[in-house]
Amino acid sequence: MATSIDVSDVNIYYGDFKAVEGVNMTIKARSVTAFIGPSGCGKSTFLRTLNRMHEVIPGARVEGKIVLQGQDMYAPSVDPVAVRRQVGMVFQRANPFPTMSIYENVLAGNRLNNKRLKKSEADTIVERSLKGANLWNEVKDRLNKPGMGLSGGQQQRLCIARAIAVQPQVLLMDEPCSALDPISTSAIEDLIHELKSTYTIVIVTHNMQQAARVSDETGFFNLKATGEPGHLVEFNSTEKMFTNPDNEATEAYISGRFG
Ligand SMILES: Nc1ncnc2c1ncn2[C@@H]1O[C@H](COP(=O)(O)OP(=O)(O)O)[C@@H](O)[C@H]1O
Ligand SMILES: [Mg+2]
């Protein structure tokens, strides 16, 4: 099911402001791709263009081509809602729906897509998704308790369960561990490692050790100057990026000389 994503000549705008310029890359299927770079260089903005979430901001738009499974996801005939079903997203702050139980949180996306889910189907999806997110054993006896009652790390895994419940091909994660303690972070990193056998995963992280630990390939974004658009400086295997990058700016960034 997982698929690669081909990005060609992508420019991203907020109104007149060009936030990101000239991105080209191929994100491989069933692998983890990490985006690193200093704050404000457009990592989150670029990530949101990969499931057409960027354009929900008034005045925001995207130029260029992003091909998922042979189809340009920005072609006029493509329904953005269908794209978001194929490309799920997990945010920096775990955001379970506050009034919903653990069970209903997992199903939130499925309920939007299919109003008449049978109880037996729903049970199957909940169990499969919570198992997939390594959360089942911790919550199976309290599925009807509020999602908000879980710890931060559990809430983030609940959000991952909700994202995979609709069986996407791609999972986007924007700094999914930045609000978590080291043990919860490690649980999420282990989970990412398992999920990549099924999904294509793209993760933004400001933690370079994390990028080195979890990803197969890394893209380094940077800004020439404040107010200039962010751009992709280098895209390479993670091993190469962290041992022998092609670009001097990458070397400077990963060795902690700026950012
Ligand atoms: N909703 C928005 N409206 C206008 N500008 C935005 C918005 N979100 C981000 N930006 C701008 O886009 C640029 C890239 O931001 P962002 O993608 O959040 O960077 P990063 O995730 O790398 O820190 C920044 O200059 C930021 O101020
Ligand atoms: Mg960001």
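1. Shell composition. In this predicted model, the shell around ligand 1 is made up of six nonpolar residues, five polar ones and one charged one. The residues concerned are Y14, F17, A19, P38, S39, G40, C41, G42, K43, S44, T45 and I57.

2. Where the shell comes from. Two elements, β2 (17-27) and α1 (43-49), each contribute at least two residues to the shell around ligand 1. Helix α1 gives the largest share, with three residues.

3. Which atoms of G40 and G42 face oxygen atoms of the ligand? For G40, a backbone N or O atom lies 2.7 Å from an oxygen atom of ligand 1. For G42, a backbone N or O atom is placed 3.0 Å from an oxygen atom of ligand 1. K43 takes part through its side chain, where an N or O atom is 2.8 Å from an oxygen atom of the ligand. As for cover, ligand 1 taken alone exposes 560 Å², and the protein buries 62% of that area.

4. The largest pocket. How big is the volume of the largest pocket? The computed value is about 580 Å³. Its lining consists of 20 residues, and those nearest the centre of the pocket are R84, G88, M89, G109 and L112. By class, the lining of the largest pocket divides into 12 nonpolar, five polar and three charged residues.

5. Aromatic pairs. A search of the whole structure gives four aromatic pairs. One of them joins F35 and F46, whose ring centres are 5.5 Å apart; the planes stand at 55 degrees, so this pair counts as tilted. F35 sits in strand β3 (residues 32-36) and F46 in helix α1, so the pair links distant parts of the chain, 11 residues apart.

Terms used. Residues are numbered from 1 along each chain as its sequence is written. Chains are lettered from A and ligands numbered from 1 in the order in which they are written. This is a predicted model: local features need pLDDT of at least 70, side-chain atom pairs count only at pLDDT 80 or more; totals for chains, interfaces and linings use all residues. Side-chain values use heavy atoms; hydrogens and water are left out. A residue is near a molecule or strand if one of its heavy atoms lies within 4 Å of it. A polar contact is a pair of N or O atoms within 3.5 Å; within protein, one must be able to donate a hydrogen and the other to accept it, and residues adjacent in sequence count only if both atoms are side-chain atoms. Accessible areas come from the Shrake-Rupley method with a 1.4 Å probe; for residues, only the protein chains shown count as cover. Helices (H or I, at least four residues) and strands (E, at least two) are DSSP runs, numbered from the N terminus. Ala, Val, Leu, Ile, Met, Phe, Trp, Tyr, Cys and Pro count as nonpolar, Asp, Glu, Lys and Arg as charged, and the others, Gly among them, as polar. On a 1 Å grid over the protein atoms alone, a cavity is a set of points where a 1.4 Å probe fits but cannot get out, and a pocket is an open set with protein on both sides within 12 Å along at least five of seven lines; lining residues have an atom within 4 Å of a point. Grid points are joined across faces, edges and corners, and a volume is the space filled by probe spheres set on the points. Rings of Phe, Tyr and Trp (its six-membered ring) pair if their centres lie within 6.5 Å; planes under 30 degrees apart count as stacked, over 60 as edge-to-face and the rest as tilted.
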